[in-house]
Amino acid sequence: SDTKDRNREVRAACQLYSTIRRREFSKFFAAAQHTAWSAMLSPLVAKLTDQVRERHAATLARAYAKIDRETVQAQLGFADAAETVAYCVARGWVHNGDILEPPSSLPSAASEVQLAGPSQVDKLAQYVVHLEQAAITDPAPTHLV
């Protein structure tokens, strides 16, 4: 029976890993919450669940200016609306009816991009011209075409 329980737990852990790789967050949270984990794995799964939730909440915050509460609830694996709202509000989100608005102070993907200076743009342009000239004077080998 002990071996059977370990095998079941190993399969469940593989399922968790698989859902994370496929970015199926609602399935991840359902599997994490509805599996009877051993005393050894239970704290690890709880910590993993918290980390996945934090990271995915940050991703949602960067991706959306407004998002409906039901979507957030499903994506972050919460059982009810009150738990979802409390979690988001504690992280600075604004709750407005069935809509949650992440804080606007979170850095957007666009603000993280560093713009190249004029010298970097010149170097890039020179490199592109060089590659284009090389392609004209030295056509692709026929065995690759």
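These legends go with a set of close-up views of one predicted model.

**View 1. The whole chain, to get your bearings.**
Start with the parts list for this predicted model: 7 helices and 3 strands make up the secondary structure. The chain has 145 residues, and 23% of them count as buried. Take the contacts between residues at least 6 apart in sequence, and 51% of them join residues at least 24 apart.

**View 2. The sheet, strand by strand.**
Here you have an open sheet of 3 strands in the order β1-β3-β2, with antiparallel pairing. The edges belong to β1 (67-68) and β2 (94-96), each with a single partner strand, so one side of each has no neighbour in the sheet. Zoom in on β2 and β3 (residues 99-101), and you'll find them paired in the antiparallel sense over 3 bridges. To see who faces whom, look for Val94, which stands opposite Glu101 in β3.

**View 3. Gly97, in the loop between β2 and β3.**
Stay with the strands and move to the loop that runs between β2 and β3, where Gly97 is found. Is Gly97 buried, partly exposed or exposed? Its relative accessibility is 46%, so Gly97 counts as partly exposed. For a landmark elsewhere in the chain, pick out Asp68: Gly97 and Asp68 are 29 residues apart along the chain, and their C-alpha atoms are separated by 9.0 Å.

Pro103 lies in the loop between β3 and α6 (109-112). Which residues does Pro103 touch, not counting those up to four places away in sequence? They are Arg91, Gly92 and Trp93.

**View 4. Where α4 meets α5.**
Helix α4 (residues 69-76) and helix α5 (residues 81-90) pack at an angle of about 90 degrees, and their axes are 10 Å apart. That angle makes α4 roughly perpendicular to α5. On the α4 side, the contact is made by Arg69, Val72, Gln73 and Leu76. On the α5 side, look for Ala81, Thr84, Val85, Tyr87 and Cys88. Sort the residues of this contact by type and you get 6 nonpolar, 2 polar and 1 charged.

**View 5. Gln73, up close in α4.**
One of the α4 residues in that contact, Gln73, gets its own panel. Gln73 is found in helix α4, and with a relative accessible area of 14% it is buried, because the cut-off is under 20%. What joins the side chains of Gln73 and Arg69? A polar contact of 2.5 Å does. Leaving out residues up to four places away in sequence, Gln73 also touches Phe78, Ala79, Asp80, Ala81 and Thr84. Ala81 and Thr84 are among the α5 residues named in the previous view.

**View 6. Thr35, between α2 and α3.**
Now head back towards the start of the chain. Thr35 has its place in the loop between α2 (25-34) and α3 (42-63). Follow the side chain of Thr35 and you'll see it reach the backbone oxygen of Ala31 at 2.6 Å. Setting aside neighbours within four places in sequence, Thr35 is in contact with Arg8 and Ala12.

**View 7. Arg23, a residue with positive phi.**
The last stop is the loop between α1 (2-21) and α2, where Arg23 lies. Check the backbone here: phi of Arg23 is near 60 degrees, which is a positive value in a residue other than glycine. Is Arg23 buried or exposed? Arg23 has a relative accessible area of 53%, and exposed means over 50%, so Arg23 is exposed.

Technical notes
Residues are numbered from 1 along each chain as its sequence is written. This is a predicted model: local features need pLDDT of at least 70, side-chain atom pairs count only at pLDDT 80 or more; totals for chains, interfaces and linings use all residues. Side-chain values use heavy atoms; hydrogens and water are left out. Two strands pair if DSSP finds at least two bridges between them. Helices (H or I, at least four residues) and strands (E, at least two) are DSSP runs, numbered from the N terminus. Axes are lines fitted to C-alpha atoms, for helices over the stretch in contact, and angles run from 0 to 180 degrees between N-to-C directions. Angles under 35 degrees count as roughly parallel, over 145 as roughly antiparallel, 65 to 115 as roughly perpendicular and the rest as oblique. Contact means heavy atoms within 4.5 Å. Ala, Val, Leu, Ile, Met, Phe, Trp, Tyr, Cys and Pro count as nonpolar, Asp, Glu, Lys and Arg as charged, and the others, Gly among them, as polar. A polar contact is a pair of N or O atoms within 3.5 Å; within protein, one must be able to donate a hydrogen and the other to accept it, and residues adjacent in sequence count only if both atoms are side-chain atoms. Buried means under 20% relative accessible area, exposed over 50%, partly exposed in between (1.4 Å probe, protein chains only).
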